[in-house]
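Hi,

Here is the structure I promised to pass on.

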Amino acid sequence: MATKIYIVYYSTYGHVATLAEEIKKGAESVPDVEVTVWRVAETLPEEVLAKMHAAPGREDHPVITASQLAEADGVLFGFPTRFGMMAAQMKAFFDSTGGLWQSGALAGKPAGLFLSTGTQGGGQETTALTAITQLTHHGMVYVPVGYTHGAGMFTMDEVKGGSPYGSGTFASTDGSRKPSVAELALAEHQGKYFAGIAKKLKAV
């Protein structure tokens with residue numbers, strides 16, 4: 001039976017959605033792995049999103065409900081940062097998982113994180129660190145990417161997002177910067193690495 005990986009994200013300007021697709025590409029390169037990309041529900045009114053010039057939600061990524069998380073063998077969560085923490089839309093989604101917490105439905109499942117920040121000091125690490133509390137309360141097994149992507153993670157010749165906690169990108173304060181080649185490569189690697197770990201855990 002295939003290992004089922006869910007990639008669950010919230011994206012304001014499309015950066016996190018782009019990373020999600022790269023992660024999917026990497027995960028699907030692992031044999032016997034089935035990947036689905038989901039987005040969480042938007043909580044802001046349309047008029048507010050219009051003033052923010054937010055990207056429309058991708059119709060090829062259906063909106064997930066909390067109960068559907070239990071179907072996955074492993075989950076990668078992606079979101080932009082807000083003051084060094086996950087965006088409220090993703091927090092609202094986690095807040096809706098109380099029933100799963102009570103039943104222990106997610107306990108033991110591997111989980112990973114990826115994200116987007118506006119600036120270099122905007123929370124590439126603190127956003128992941130503060131998100132780990134959500135995984136901990138569910139008893140999920142956090143799978144950081146570490147430095148498994150190799151030498152590229154040590155280079156200092158360009159500005160790039162991502163860290164040992166997970167892949168990432170910088171969006172700039174107005175969302176104008178797009179994910180770089182290096183950031184997309186780390187995302188793809190994270191997908192492949194995470195899927196391999198999830199597959200091993202499922203076989204135990």
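**What I found**

Read along the sequence, the chain goes β-α-β-α-β-β-α-α-β-α-β-β-α. That comes to six helices and seven strands, where helices (H or I, at least four residues) and strands (E, at least two) are DSSP runs numbered from the N terminus.

Before you dig in: this is a predicted model, where local features need pLDDT of at least 70 and side-chain atom pairs count only at pLDDT 80 or more, while totals for chains, interfaces and linings use all residues. Residues are numbered from 1 along each chain as its sequence is written, and side-chain values use heavy atoms, with hydrogens and water left out.

On overall shape, a compact globule of 204 residues would have a radius of gyration near 17 Å, and the chain agrees with its 16 Å (taken over C-alpha atoms; the globule rule is 2.2 Å times the number of residues to the power 0.38). The C-alpha atoms fill a box of roughly 45 × 40 × 30 Å along the principal axes. Of the 204 residues, 47% count as buried, meaning under 20% relative accessible area with a 1.4 Å probe, protein chains only. Among contacts (heavy atoms within 4.5 Å) with a separation of 6 or more, 76% are between residues 24 or more positions apart.

Now the strands. β1 (residues 3–9) and β2 run parallel and are joined by seven bridges; strands pair if DSSP finds at least two bridges between them. Between β1 and β2 the chain passes through helix α1 (residues 15–28), in a right-handed β-α-β crossover: with the strands pointing away from the viewer, the path from the first strand over the helix to the second runs clockwise. Y9 sits opposite R39 in β2. Five of the seven residues of β2 (residues 33–39) are buried, so the rest of the structure largely encloses this strand.

On to the aromatics: the whole structure has four aromatic pairs (rings of Phe, Tyr and Trp, its six-membered ring, with centres within 6.5 Å; planes under 30 degrees apart are stacked, over 60 edge-to-face, the rest tilted). F93 and F94 make an edge-to-face pair, 6.3 Å centre to centre with 65° between the planes. Both F93 and F94 are buried, and together with F77 they form one aromatic cluster.

F94 also turns up beside Q134: leaving aside neighbours within four places in sequence, Q134 contacts M86, K91 and F94. Q134 belongs to helix α5 (residues 126–138) and is buried, at 17% relative accessible area.

Cheers

Definitions and conventions:
Buried < 20%, exposed > 50% of the residue type's maximum accessible area, 1.4 Å probe, protein only.
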